[in-house]
Amino acid sequence: MLPSEGPVRPFTIFISSSQKEFEKFRKNLKEAIDSERFIDQRIMRAVLIEEERGPAIPEDISREIEGCSIYVGIFGREKSEWTFAEYREARAKDLPLLIYQLKRQRRPGKPKEQERRGRKSEVELFLDKEVKSLGIRVRGPYRTEVDLERSILNDLAGQVAEMVKESATIRKAIHKGLRLP
């Protein structure tokens, strides 16, 4: 069915981050993604797993990520086992991974004990070990949510364009292989 014959089925974007640390930002980002339009059609829809408590449940995460096309991971200061598990599941499903780090500016004054000693946080250790070590780019660190949201929306547009080009290349190769001499 052509888009002019009915509504376009949007790309589904999985947003992963600490619910506690990014509660308001997650909702604002979902709204921004859901309202992105291409001419008269919405082309993206965001998905959040909300109100999850307790240990990360692989089946719940797998079910939600299964229908998504792109994973957006947002990492801040707070460790979130759910966010780590969602990243691992998206990587296992071979989704395009857009990973971001937000380090808000702190008020002037004494740094936390951990920062004073130069130790990396559990989030930074995770990013080093499971993301950067695999050659996956971590964008940032961003200092404000406004800059982070703008970057995510721009990167999503670029990722969607790349996916369309990849799909066209695959279709051409398939059709070329089906031609009879």
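Which residues form a positive surface patch here? They are R9, R37, R42 and R45.

Before the details, some ground rules. This is a predicted model, where local features need pLDDT of at least 70, side-chain atom pairs count only at pLDDT 80 or more, and totals for chains, interfaces and linings use all residues. Residues are numbered from 1 along each chain as its sequence is written, and side-chain values use heavy atoms, with hydrogens and water left out.

Back to the patch. Patch members have over 30% relative accessible area and no salt bridge; like charges are joined within 9 Å, and nonpolar side chains (Val, Leu, Ile, Met, Phe, Trp, Tyr) within 5 Å. Take R42. R42 sits in strand β3, residues 41–42. Strands are DSSP runs of E with at least two residues, helices are runs of H or I with at least four, and both are numbered from the N terminus. R42 has a relative accessible area of 37%, so R42 is partly exposed. The scale is this: buried is under 20%, exposed is over 50%, partly exposed is in between, with a 1.4 Å probe and protein chains only.

Now the salt bridges. Side chains of opposite charge can pair when their charged atoms come close. The rule asks for a side-chain nitrogen of Lys or Arg within 4 Å of a carboxyl oxygen of Asp or Glu. The count by that rule is 15 salt bridges.

E23 and K27 pair at 3.8 Å, N to O. Both belong to helix α1, residues 23–35, and they are 4 residues apart, about one turn of the helix. E23 is partly exposed, at 48% relative accessibility. K27 is partly exposed too, at 47%.

Next, K93 and E66. Their closest N and O atoms are 3.2 Å apart. K93 is in the loop between α3 (81–92) and β6 (97–102), and E66 is in helix α2 (residues 58–66), so this pair ties together parts 27 residues apart in sequence. How accessible is E66, buried or exposed? E66 is exposed, with a relative accessible area of 52%. K93 is partly exposed, at 31%.

E122 is partly exposed at 49%, and K79 is partly exposed at 41%.

One last item. E21, R104 and E145 form one network, joined by salt bridges that share partners.

Note on methods. Areas by Shrake-Rupley, 256 points an atom, 1.4 Å probe, with all protein chains shown as cover. Lys, Arg positive; Asp, Glu negative; His and termini not counted. Charge placed at Lys NZ, Arg CZ, Asp CG, Glu CD.
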